[in-house]
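Here's a quick tour of one protein model, written for someone just getting started. Have a look at the picture first, then walk through the points below.

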Amino acid sequence: NINAVTTHIRKKLEEKGEKDIERKVLHFFPADTGKTYWHDGESYWRVVAFIPNARTYETVNPEYSYYAGVAFGNFQAMLADIPDKLGETIPDFHNMEFRLRQFHEAVAANPAGRLEEVKDLVEEIEKRAEAMCIQERLYREGQLKKRTNHCDTKVNNMMFDADSDKVLCVIDLDTVMPGFVLSDIGDFIRTGANTGAEDDENLDNVNVNMEIFKAYTRGYMEKAKAFLTPTEIKLLPYGGRLLTYMQTVRFLTDYINGDTYYKIHSPKHNLIRTKAQFKLLQSLEAHAEEMDQFMNQWL
């Protein structure tokens with residue numbers, strides 16, 4: 001997937017006459033086997049060209065959020081016509097129906113004996129379950145198509161020029177695979193537009209920053225509108241709620257299972273994460289109408 005994606009982007013940049021290609025797309029060096037990785041018997045290794053005079057950021061203001069939107073929109077736009085059939089790096093990674101099946105299995109088994117403690121959260125998840133499986137239903141009905149997605153659209157997954165602070169390129173391509181555009185815009189809203197931390201214990205800190213949402217969406221639509229369908233455009237704000245709900249479900253599933261997947265720093269870490277994500281979901285729900293109205297300018 002990585003080789004197909006970087007080769008296609010490089011070709012697009014060459015066609016545009018881009019002069020700084022080595023800083024605008026990752027360049028992986030082949031091993032003597034001809035493959036862009038090396039297996040030493042135990043571990044896999046890749047060598048990638050260093051991008052000079054560049055930096056990453058962990059948080060964004062509206063200006064950088066706009067740049068990020070432009071970058072991820074451009075990333076998807078350049079890959080809209082990729083001829084290669086990409087594999088699914090992590091099967092069902094952003095499949096909400098699959099994540100709910102995992103959740104229901106955890107609830108039924110209750111392996112760590114924690115279900116009674118979280119029954120209120122379980123009820124909140126169940127109340128929203130049907131509404132949060134829209135993308136899978138629309139896909140089966142032929143109303144939503146799969147595209148090439150990054151699937152980890154955090155702000156620290158792009159390189160900024162150290163002098164101009166303009167985005168150079170998108171990095172961390174391990175999860176690039178077919179998926180729905182709701183995933184990529186949704187995960188940025190979940191991470192970049194959260195006024196608190198993903199595991200914030202003070203829930204008063206956790207809300208959606210509408211200025212970040214609007215700036216990112218404005219930048220994203222500049223590049224992505226040309227290939228998006230009206231259905232996709234209309235559902236983009238829903239993507240933020242979907243990915244936040246999904247992460248709430250995944251953290252709570254892991255807590256019920258006894259913390260078998262995510263690394264934790266305290267016995268209640270996954271429960272703290274769950275509550276923080278659920279608070280963000282509630283904030284997104286409260287702003288849903290405002291977000292939907294903001295999208296109308298592109299419909």
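What is the order of the strands in the open sheet of 3 strands? Reading across, the order is β3-β5-β6, and the pairing is antiparallel. Keep in mind that this is a predicted model. We'll start with that sheet, move on to a pair of helices, and finish with a few single residues.

**The sheet**

- Strands in a sheet are held together by backbone hydrogen bonds, and they can pair in a parallel or an antiparallel way.
- Who stands at the edges here? That's β3 (54-55) and β6 (167-170). Each has a single partner strand, so one side of each has no neighbour in the sheet.
- β3 and strand β5 (residues 158-161) run antiparallel and are joined by 2 bridges.

**Two helices side by side**

- Helix α7 (residues 181-192) packs with helix α8 (residues 210-224) at an angle of about 150°, and their axes are 10 Å apart.
- Why call the two roughly antiparallel? Angles over 145 degrees count that way, so α7 is roughly antiparallel to α8.
- The crossing of α7 past α8 is right-handed.
- From α7, the contact is made by V181, D184, I185, F188, I189 and G192. From α8, I212, F213, Y216, T217 and Y220 take part.
- Sort the residues of this contact by type and you get 8 nonpolar, 2 polar and 1 charged.

**Backbone angles worth a look**

- N53 isn't a glycine, yet it has a positive phi of about 55°. You'll find N53 in the loop between β2 (44-45) and β3.
- D259 is another non-glycine residue with a positive phi, this time near 60°. D259 is in the loop between α9 (230-257) and α10 (269-286).
- Is each of them buried or exposed? N53 is partly exposed, with a relative accessible area of 40%, whereas D259 is buried, at 17%.

**Residues that meet across the sequence**

- D204 is in the loop between α7 and α8. With a relative accessible area of 66%, D204 is exposed.
- How many residues apart in sequence are D204 and A276? The answer is 72, while in space they are 9.5 Å apart, C-alpha to C-alpha.
- Q247 belongs to helix α9. Its relative accessible area is 10%, and Q247 is buried.
- Which residues does Q247 contact, leaving aside its neighbours within four places in sequence? They are R190, Y262 and Q277.

How values were computed:
Residues numbered from 1 in each chain as written. Predicted model: local features only at pLDDT ≥ 70, side-chain atom pairs only at ≥ 80, totals over all residues. Heavy atoms only, no water. Axes fitted to C-alpha atoms, helices over the stretch in contact; angles between N-to-C directions. Helix = DSSP H or I, 4+ residues; strand = E, 2+ residues; numbered from the N terminus. Parallel < 35°, antiparallel > 145°, perpendicular 65-115°, else oblique. Left-handed = near helix turned anticlockwise from the far one by under 90°. Contact = heavy atoms within 4.5 Å. Nonpolar A, V, L, I, M, F, W, Y, C, P; charged D, E, K, R; others polar. Pairing = 2+ DSSP bridges. Buried < 20%, exposed > 50% of the residue type's maximum accessible area, 1.4 Å probe, protein only.
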